[in-house]
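Trainee: Could we go through the salt bridges here together? I would like to start with one pair and then move on.

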Amino acid sequence: MRNKIKISASILSANPMRFEEEIKRIEAAGIDLIHIDVMDGHFVPNITMGPFIVKGIKSITKVPLDIHLMIEHPERYIDAFAEAAEGSGIITFHIETVKNPKEIIAQIKNKGMNVGISLNPDTPVEMVENFVDQVDMVLVMSVNPGFSGQKFIPKALPKIARLRDIAPDKMDVQIDGGVTPDNISEIVKEGANIIVAASAIFKAKDPCNAIKTLRYIAEQAIEKDADNLVNI
Ligand code: DX5
Ligand code: ZN
């Protein structure tokens, strides 16, 4: 059984003056997760949202939060983010930012949240292989983190496949960066099941329609794949 396809909308491309309206709109379209990109200006060349914004978003939606920490010293801020999210949803940290991933995993779990671990396009999969049985999700970056609207880096695809091979079934594989209706099929065929999209949703003429289209194409791709397997 494959893990369910979930679409996670990154609000990095939403209008920050209208977060409530934008979030209510994607909620009505059946979005599975709200992806919040946290950047510190050190690990990545951009600064975005802190616990204060997470708390505000949590107060207006029931959609689970998917908090992507692109920050150095995540251990200093995890408790504040977990409290802002009321201990529900998932916090993902980057393997490149920590010395002892086990401690970070425990810290997030202690706060009652699910745990994700992420790796940049240039970071080899081997760096996270030892942790796949301890986390709920691995996030494969398919752009260099920092900004939405970048082009998908194809070398992420074999990393997804490798992770899907070695990880327990229940672990989710998330892809983040440059996802469009044109490349989502190959991404899910390699085994990713949580798909992050910022521009493909919020820069579309109709974000609700964009979510439905992404989901439809992803589900079709998997069904076709399953048919092919049966016919072999
Ligand atoms: C990039 C962020 C992504 C970004 C994705 O550093 O982690 O979540 O918002 O944006 P798109 O979907 O436009 O590539
Ligand atoms: Zn992200």
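**Salt bridges in the model**

Mentor: Arg215 forms a salt bridge with Asp32, their closest N and O atoms lying 2.8 Å apart; the term stands for a side-chain nitrogen of Lys or Arg within 4 Å of a carboxyl oxygen of Asp or Glu. Arg215 sits in helix H9 (residues 207-231) and Asp32 in the loop between helix H1 (19-28) and strand S2 (33-39), so the pair ties together parts 183 residues apart in sequence. Helices (H or I, at least four residues) and strands (E, at least two) are DSSP runs, numbered from the N terminus.

Trainee: What kind of model is this, and how are residues numbered?

Mentor: This is a predicted model, in which local features need pLDDT of at least 70 and side-chain atom pairs count only at pLDDT 80 or more, while totals for chains, interfaces and linings use all residues. Residues are numbered from 1 along each chain as its sequence is written, and side-chain values use heavy atoms, with hydrogens and water left out.

Trainee: Arg215, buried or exposed?

Mentor: Arg215 counts as buried at 17% relative accessibility, and Asp32 is buried with a relative accessible area of 17%; buried means under 20% relative accessible area, exposed over 50%, and partly exposed in between (1.4 Å probe, protein chains only).

Trainee: Which residues are linked with Asp32 in a network?

Mentor: Lys4 and Arg215 are linked with Asp32 in a network of salt bridges.

Trainee: New topic: how many salt bridges does a search of the whole structure find?

Mentor: The search finds six, among them the one where the side chains of Lys111 and Glu83 meet at 2.5 Å, N to O.

Definitions and conventions: Chains are lettered from A and ligands numbered from 1 in the order in which they are written.
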